[in-house]
Amino acid sequence: ICSSYYDGMAHVGELLKAARSEAGLSMRALARRAQVADTTIARIESGTLDPTVTTFSEIMAATGNTVMITITPITEAQLSDLVVSRPSNSPINWTHLRAIVDRLTRRPNEIPTAIINPPLSGRPDLDALLAGVAEKLADDHQLRRPRWTETVPALDTPWEHPGTERMREHGRRNAPSQLRLRNIHLAENEIWRL
């Protein structure tokens with residue numbers, strides 16, 4: 001199985017679910033075979049856990065598959081990629097978001113183009129996240145915030161890390177103000193890694 005999140009192919013959770021189904025394994029059976037917690041399989045498949053390459057490779061090996069990774073340099077990072085490259089009902093592609101933010105952090109001259117007017121998805125969670133990320137990128141590099149972010153409202157209910165209470169508390173304490181004002185409680189280091 002080969003996946004590259006920049007060419008619009010499947011997210012790792014979708015790949016894992018397909019491989020598990022093809023192998024005729026339940027989540028519990030795969031977890032035992034791969035020697036991981038049952039919740040690990042469920043969280044990867046749902047898109048709430050972004051596994052390391054090693055963990056993902058070991059789990060896929062337990063389904064009888066081999067993971068091959070092709071590294072392709074990002075030639076252009078656009079927040080709009082997060083909207084147009086994924087079906088509207090699919091989980092947020094955190095790996096893709098982190099890669100875009102990493103590139104823009106290293107190349108701030110690309111930020112104005114990357115954050116200008118991406119198409120909105122109509123999903124309150126994704127649109128609020130994109131607006132908060134765009135504002136933080138602009139603020140961190142003393143750039144003017146894009147006007148479209150003003151039209152994106154804060155979420156009605158708080159969005160928190162789907163993990164443990166300790167993870168949620170960490171998110172509440174360490175969320176950048178641009179996300180917190182949009183009712184997104186996600187620690188800065190969950191997205192900004194550089």
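Q: Is asparagine 183 buried or exposed?
A: In this predicted model, asparagine 183 is buried, with a relative accessible area of 16%. The cut-off for buried is under 20%.

Q: Where is asparagine 183 placed?
A: Asparagine 183 sits in the loop between α10 (177-180) and β2 (184-185).

Q: And what is the phi of asparagine 183?
A: The phi is positive, about 70°, although asparagine 183 is not a glycine.

Q: Buried or exposed, glutamine 35?
A: Glutamine 35 is exposed; its relative accessible area is 73%.

Q: Turning to helices, at what angle do α1 and α3 pack?
A: Helix α1 (residues 12-22) and helix α3 (residues 38-46) pack at about 120°, and their axes are 6 Å apart. The two helices are therefore oblique to each other.

Q: Which residues meet there?
A: From α1, Gly13, Leu16, Lys17 and Arg20 meet Ile41, Ile44 and Glu45 of α3. By class, this contact has three nonpolar, one polar and three charged residues.

Q: Now the second largest pocket: how much space lies in it?
A: The second largest pocket holds about 210 Å³ of space.

Q: Which residues line the second largest pocket?
A: The lining consists of Arg43, Thr48, Leu49, Asp50, Trp94, Arg98, Trp159, His161, Pro162, Met167, Leu186 and Glu190.

Q: How do the residues of that lining divide?
A: Six are nonpolar, two polar and four charged.

Conventions:
Residues are numbered from 1 along each chain as its sequence is written. This is a predicted model: local features need pLDDT of at least 70, side-chain atom pairs count only at pLDDT 80 or more; totals for chains, interfaces and linings use all residues. Side-chain values use heavy atoms; hydrogens and water are left out. On a 1 Å grid over the protein atoms alone, a cavity is a set of points where a 1.4 Å probe fits but cannot get out, and a pocket is an open set with protein on both sides within 12 Å along at least five of seven lines; lining residues have an atom within 4 Å of a point. Grid points are joined across faces, edges and corners, and a volume is the space filled by probe spheres set on the points. Ala, Val, Leu, Ile, Met, Phe, Trp, Tyr, Cys and Pro count as nonpolar, Asp, Glu, Lys and Arg as charged, and the others, Gly among them, as polar. Axes are lines fitted to C-alpha atoms, for helices over the stretch in contact, and angles run from 0 to 180 degrees between N-to-C directions. Helices (H or I, at least four residues) and strands (E, at least two) are DSSP runs, numbered from the N terminus. Angles under 35 degrees count as roughly parallel, over 145 as roughly antiparallel, 65 to 115 as roughly perpendicular and the rest as oblique. Contact means heavy atoms within 4.5 Å. Buried means under 20% relative accessible area, exposed over 50%, partly exposed in between (1.4 Å probe, protein chains only).
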